[in-house]
Amino acid sequence: MILYPAIDLKDGQCVRLLHGEMDKATVFGDDPAAQAAKFEAAGCEWLHLVDLNGAFVGQPVNAAAVEAILARVKVPAQLGGGIRDMRTIETWLDKGLARVILGTVAVENPDLVREAARAFPGKVAVGIDARNGRVATKGWAEETDVMVTDLARSFEDAGVAAIIYTDILRDGAMKGPNIAATEALARAVSIPVIASGGVSTLADLITLRDTGSIAGAISGRALYDGAIDLAEALAALRA
């Protein structure tokens with residue numbers, strides 16, 4: 001199971017939100033590229049980047065910070081937030097991103113996801129963010145009637161590289177991930193599922209890994225707070 005350290009970007013800074021609410025942001029640093037370098041030095045295999053402003057407005061906002069990260073580190077990075085058309089997808093991949101994450105458009109324009117996955121094999125993931133099993137879009141500001149498993153299954157034949165599943169009510173709360181829901185989703189689809197939201201201890205990571213069905217886990221606040229030591233966690237997951 002791959003551990004993805006998260007760098008959430010708001011106004012050019014590294015932050016973490018509580019339950020996805022922009023007015024509940026904790027700033028952890030004003031040099032995202034330096035933070036990325038620290039994660040790389042600890043041995044991470046991937047980085048998970050989120051343009052929070054972009055997710056709300058529907059287009060990239062923290063591009064400069066993302067580009068600085070890509071210039072600083074060699075490990076592959078995936079990015080979500082404000083990526084809602086083919087031109088933006090192409091631009092980011094041309095700039096060196098290993099994978100784009102499509103969230104809102106997966107609900108509103110699923111054909112774009114299919115087109116992008118065909119055009120860029122292995123480089124397109126779907127972000128599914130949910131409250132109580134229902135998908136939320138536009139930076140989690142809007143709730144839909146779409147159920148998580150239904151949306152995930154609709155992309156079974158699309159060739160997407162992964163599904164990043166976030167339980168919004170766990171995100172940034174340091175209360176542990178929704179392991180049951182994440183495992184159920186992972187077993188319901190053949191697409192690799194990455195867990196996000198609430199991963200706050202090494203025990204959480206081990207439990208997710210030991211389901212035998214979850215391909216990855218994303219952690220942010222716990223790494224910044226020191227609740228998880230990245231190098232130690234990476235070593236434990238490789239054991």
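**First stop: the pocket**

Select helix H8, which gives the most to the lining of the largest pocket, with 3 residues (helices, H or I of at least four residues, and strands, E of at least two, are DSSP runs numbered from the N terminus). This is a predicted model, where local features need pLDDT of at least 70, side-chain atom pairs count only at pLDDT 80 or more, and totals for chains, interfaces and linings use all residues. Numbering runs from 1 along each chain as its sequence is written, and side-chain values use heavy atoms, with hydrogens and water left out.

The largest pocket holds about 150 Å³ of space. Of its 15 lining residues, pick Asn132, Gly133, Val148, Tyr165 and Ala181, the closest to its centre. Now colour strand E7 (124–131), helix H7 (148–153), strand E10 (162–167) and H8 (179–188): each supplies at least two lining residues.

On a 1 Å grid over the protein atoms alone, a pocket is an open set of points with protein on both sides within 12 Å along at least five of seven lines, while a cavity is a set where a 1.4 Å probe fits but cannot get out; lining residues have an atom within 4 Å of a point. Points are joined across faces, edges and corners, and a volume is the space filled by probe spheres set on them.

The largest cavity has about 580 Å³ of space. Of the 44 residues lining the largest cavity, select His48, Val50, Asp129, Trp140 and Thr166, the closest to its centre.
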